[in-house]
Amino acid sequence: MGMSGMIDILFFISGVYLIYSAVNAKKKGNIAANVMLSKDANENDIKDKVGFIEYMYKKIVLAGVMIILASIIHLINDYYIHSIQLTWAGIAVILLAIVIYTVTFMRGRKRYIVQRGGQKK
């Protein structure tokens with residue numbers, strides 16, 4: 001397996017982890033700090049934990065699914081199809097998933113996370 005195959009597998013695993021983290025938050029209320037919170041925040045800084053999880057859940061699952069699908073397409077393309085168009089389409093899907101995740105993360109932080117000094121971030 002080449003370097004691109006390894007990168008595709010890492011993307012696949014990261015997509016699965018995003019989905020796992022979102023589902024775990026939704027079902028058990030466990031917020032994965034490395035997925036839903038910035039390094040300077042913790043669960044105690046969330047004003048409305050249920051609302052925060054609801055807001056983040058669907059968008060994080062969507063980003064995870066998009067990353068998984070793009071990584072599968074890339075793996076199939078790398079080993080069987082060899083289409084430059086599929087390569088670029090996969091890259092575009094991953095970039096879109098990153099944008100969705102980043103916008104969701106930033107908006108969720110702004111809406112639901114209070115800075116320790118009591119001010120909104």
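The structure is a predicted model, in which local features need pLDDT of at least 70 and side-chain atom pairs pLDDT 80 or more, whereas totals for chains, interfaces and linings use all residues. Residues are numbered from 1 along each chain as its sequence is written, and side-chain values use heavy atoms, with hydrogens and water left out.

H3 comprises 33 residues (49–81) and spans 45 Å from its first C-alpha to its last, close to the expected 48 Å. The expected span is 1.5 Å times one less than the number of residues. Helices are DSSP runs (H or I, at least four residues), numbered from the N terminus. Just after H3, His82 adopts a positive phi of about 60°.

A nonpolar surface patch of about 870 Å² is formed by Leu10, Phe12, Ile13, Val16, Ile72, Ile76, Tyr79, Tyr80 and Ile81. Helices H1 (3–28) and H3 are the elements that each contribute two or more residues to this patch, and H3 gives the most, with five residues. Patch residues have over 30% relative accessible area and no salt bridge, and nonpolar side chains (Val, Leu, Ile, Met, Phe, Trp, Tyr) are joined within 5 Å. A salt bridge places a side-chain nitrogen of Lys or Arg within 4 Å of a carboxyl oxygen of Asp or Glu. Accessible areas were computed by the Shrake-Rupley method with a 1.4 Å probe. Ile72, found in H3, counts as partly exposed at 36% relative accessibility (buried is under 20%, exposed over 50%, partly exposed in between).

Four aromatic pairs were found in a search of the whole structure; ring centres of a pair lie within 6.5 Å, and planes under 30 degrees apart count as stacked, over 60 as edge-to-face and the rest as tilted. The rings of Phe52 and Tyr112 are edge-to-face, because their centres are 5.9 Å apart and their planes at 65°. As Phe52 lies in H3 and Tyr112 in helix H4 (residues 84–112), this pair ties together parts 60 residues apart in sequence. Phe52 and Tyr112 are buried. Tyr55 and Tyr112 form a tilted pair, at 6.0 Å centre to centre and 40° between the planes. This pair likewise links H3, which holds Tyr55, with H4, which holds Tyr112, and so ties together parts 57 residues apart in sequence. Both Tyr55 and Tyr112 are buried. Phe52, Tyr55 and Tyr112 form one aromatic cluster.

Conventions: Patch = residues over 30% accessible without salt bridge, like charges linked within 9 Å, V, L, I, M, F, W, Y side chains within 5 Å. Buried < 20%, exposed > 50% of the residue type's maximum accessible area, 1.4 Å probe, protein only.
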